[in-house]
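Student: Could you help me learn to read a protein model, one feature at a time?
Tutor: Gladly! Let's look at it together.

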Amino acid sequence: MRTSTLGLFTLKETPAEAELASHRLMLRAGMIRPVAAGIYTWLPLGLRVLRRVEQAVREEMNRAGAAELLMPAIQPAELWQESNRWTKYGPELLRLTDRHGRLFCFGPTHEEVITDLARREIRSYRELPLTFYQIQTKFRDEIRPRFGVMRAREFVMKDAYSFHVSEASLREGYDRMRDAYHRVFQRLGLEARAVAADSGAIGGRYSHEFHVLAEAGEDRLALSDTGSYAANVELAETRPPEGSRAPARRPLEKVRIGSPVPPGGSPAGGAHIRIELVKSPSGDFHAIALCAGHELNPVKAAHVLGYAEPVSPAEWNGRYPQDAAHLGPLDLPCPLVADHAAAHLADFSAWANAPDQLWQGVNWGRDCPEPPAHDLRLVTNGDPSPDGVGRLRLVRGIEVGHIFQLGTEYSERLHAYFQDESGSEKPLWMGCYGIGVSRIVAAAIEQHHDEWGILWPMPLAPFDVVIAPIGGKTSPRVWETACALETELESQGCQTLLDDRDLRPGSMFADLDLIGIPQRIVVSERGLAENQIEWRDRKSRTTRPLPRERAGAMVLDRMRTSS
Ligand code: ATP
Ligand code: MG
């Protein structure tokens with residue numbers, strides 16, 4: 001392939017709208033272009049990378065015994081009404097009406113369509129287990145599309161669905177998928193981790209997320225230093241403090257603080273308790289007591305209380321006289337629960353419902369009711385690992401895959417039954433397995449770039465090598481050598497880009513560094529005078545002069561050892 005036919009549209013300037021390195025680099029390298037918020041065109045260079053991800057995913061799915069199919073992007077509303085998700089999925093679901101006034105949606109996921117297929121086609125236990133997958137465009141009307149293809153509205157997903165006779169068979173299928181996912185990320189050259197996860201809106205009881213580890217990740221992960229525990233912080237439990245609570249020693253007293261302390265500022269030394277507010281969909285408030293320095297985990301709060309919508313100070317202050325930013329456990333006009341660690345404190349301080357008033361020497365049971373205690377906070381760096389060995393370390397990750405054991409939830413709702421060995425009708429056991437194919441491209445760049453551009457891991461690179469002829473337009477010898485090398489490499493299955501733009505070396509090299517092709521060969525008059533070409537490794541930026549005849553072997557050797 002030549003740059004002149006590829007359509008290489010690189011940008012010199014950094015696009016102002018891009019916050020993340022991957023977004024900036026994908027725009028600058030000419031991989032994608034925005035069409036509307038969260039909707040992109042993949043240019044030829046970007047598409048080559050996307051296709052490599054798809055291919056790796058496809059091969060591993062096939063190897064795991066899944067069969068590829070293709071479902072429609074547009075789905076009838078009736079199926080979503082049957083599963084009860086037409087309203088439940090909310091505004092992320094893009095709804096459409098056809099010319100007859102019939103309702104449809106653009107699929108954000110395909111549980112309904114595949115379960116409909118299964119109930120029509122699968123009859124007997126003899127046909128099970130079965131796993132299907134597709135690689136397809138999804139649409140989710142994300143409230144905040146951002147970071148380019150990382151959180152887009154239209155994106156490419158691999159989604160797989162498995163059907164089983166029993167929970168035991170589902171578990172086996174799930175484990176096989178989990179292994180396949182590990183292989184996908186390993187062969188793409190990405191550092192990824194599987195973590196225990198909350199199953200969220202998809203439903204189901206048991207799930208794992210796969211994350212590419214990167215500073216820019218939106219998710220926080222808790223990993224134990226022994227490697228035996230890994231969970232999304234949403235899920236990571238804290239261990240209740242050991243031993244019994246210290247007895248109350250100090251008397252309760254209200255003190256005035258000279259200058260108002262901002263909310264969140266530590267008003268006094270020693271143990272302090274702060275209050276967070278959440279509300280139910282019907283507007284009931286609930287207070288949660290936390291140790292100062294601990295953060296509320298809304299997912300845990302939602303599990304304990306059944307809801308965890310945040311409450312704005314204005315909402316609270318519209319109903320109660322106490323200052324929302326300076327609440328304490330005394331004289332609270334709404335129910336209170338406490339995090340384990342907060343419930344374990346004695347002689348603590350807490351706000352006395354005004355910016356300049358503080359309680360000191362507060363004790364549960366004596367000064368305010370003993371609160372129900374639950375695990376409600378986010379784990380922090382250094383917390384003991386919930387599995388009892390080692391300590392937790394928090395890292396950031398980009399969610400690139402999510403697998404669920406759905407159980408019989410969808411098959412029961414949509415009546416997808418099979419006949420078991422004794423002839424009775426049973427609901428199918430189901431699993432579902434997603435990979436963010438287009439998100440992986442951005443995640444890979446987050447993990448692999450430097451100040452000059454992208455550093456593609458060899459298996460993801462749009463090309464294995466780029467040949468850069470210097471003065472190729474004026475020197476037939478340079479041009480012919482470059483073309484001969486191109487032919488030689490392509491005949492060996494090496495994806496080769498020949499840069500036939502008539503650019504000065506400085507700008508050509510800067511562009512090639514930006515697009516991140518792992519190997520570069522420079523052919524120049526000066527080199528050829530000594531029968532040499534220059535080979536360069538993009539990542540280490542080291543060059544090596546090589547005799548012309550050895551260039552091809554060097555490139556192929558490097559390509560094969562790193563993929
Ligand atoms: P997130 O929490 O990031 O919104 P999700 O839990 O909604 O993800 P799933 O429903 O599990 O995602 O979808 C499977 C995979 O699809 C995710 O692991 C992610 O890699 C990818 N994905 C989800 N939403 C988007 C999006 N808006 N843009 C790009 N990829 C996405
Ligand atoms: Mg989502």
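Tutor: Let's begin with burial: lysine 300 has 8% relative accessibility and counts as buried. Buried means under 20% relative accessible area, exposed means over 50%, and partly exposed is in between, with a 1.4 Å probe and protein chains only. This is a predicted model, where local features need pLDDT of at least 70, side-chain atom pairs count only at pLDDT 80 or more, and totals for chains, interfaces and linings use all residues. Residues are numbered from 1 along each chain as its sequence is written, chains are lettered from A and ligands numbered from 1 in the order in which they are written, and side-chain values use heavy atoms, with hydrogens and water left out.

Student: Where is lysine 300, and which side chain does the side chain of lysine 300 join in a polar contact?
Tutor: A polar contact is a pair of N or O atoms within 3.5 Å; within protein, one must be able to donate a hydrogen and the other to accept it, and residues adjacent in sequence count only if both atoms are side-chain atoms. Here, the side chains of lysine 300 and aspartate 375 make such a contact at 2.9 Å. Lysine 300 sits in helix α8, residues 298-305. Helices (H or I, at least four residues) and strands (E, at least two) are DSSP runs, numbered from the N terminus.

Student: Is arginine 558 buried, partly exposed or exposed?
Tutor: Arginine 558 is partly exposed, at 26% relative accessible area. Helix α16, residues 551-562, holds arginine 558.

Student: How do I read the surroundings of a ligand, and which residues are closest to ligand 1?
Tutor: A residue is near a molecule or strand if one of its heavy atoms lies within 4 Å of it. Around ligand 1 there are 14 residues, and the closest are Arg140, Glu142, Arg151, Ala152 and Glu399. By class, this shell has six nonpolar, three polar and five charged residues. Ala, Val, Leu, Ile, Met, Phe, Trp, Tyr, Cys and Pro count as nonpolar, Asp, Glu, Lys and Arg as charged, and the others, Gly among them, as polar.

Student: Which polar atoms lie by the nitrogen and oxygen atoms of ligand 1?
Tutor: An N or O atom in the side chain of glutamate 142 is 2.8 Å from a nitrogen atom of ligand 1. A polar backbone atom of alanine 152 is also 2.8 Å from a nitrogen atom of the ligand. For glycine 401, a backbone N or O atom lies 3.5 Å from a ligand oxygen atom.

Student: How much of ligand 1 does the protein bury?
Tutor: Accessible areas come from the Shrake-Rupley method with a 1.4 Å probe; for residues, only the protein chains shown count as cover. Taken alone, ligand 1 exposes 580 Å², and the protein buries 86% of that. Strands β8 (154-164) and β21 (392-407) are the elements that give two or more residues to the shell. The most come from β21, with four residues.

Student: Which strands does β11 pair with?
Tutor: Two strands pair if DSSP finds at least two bridges between them. β11 pairs with β21 in the antiparallel sense over six bridges, and arginine 220 stands opposite arginine 396 in β21. Three bridges join β11 to β12 (residues 230-232), again antiparallel; alanine 222 has alanine 231 in β12 as its bridge partner. β11 and β12 form a hairpin with five residues between them, and glycine 227 in the turn has a positive phi of about 85°.

Student: Why is β11 described as largely enclosed?
Tutor: Five of the six residues of β11 (residues 219-224) are buried, so this strand is largely enclosed by the rest of the structure.

Student: What is the strand order in the open sheet of three strands?
Tutor: The order is β4-β6-β5, with antiparallel pairing. β4 (74-76) and β5 (94-97) stand at the edges with a single partner strand each, so one side of each has no neighbour in the sheet.

Student: Where is the cis peptide bond?
Tutor: The bond from leucine 128 to proline 129 is cis, with omega near 0°. Proline 129 is in the loop between α6 (111-121) and β7 (130-139).
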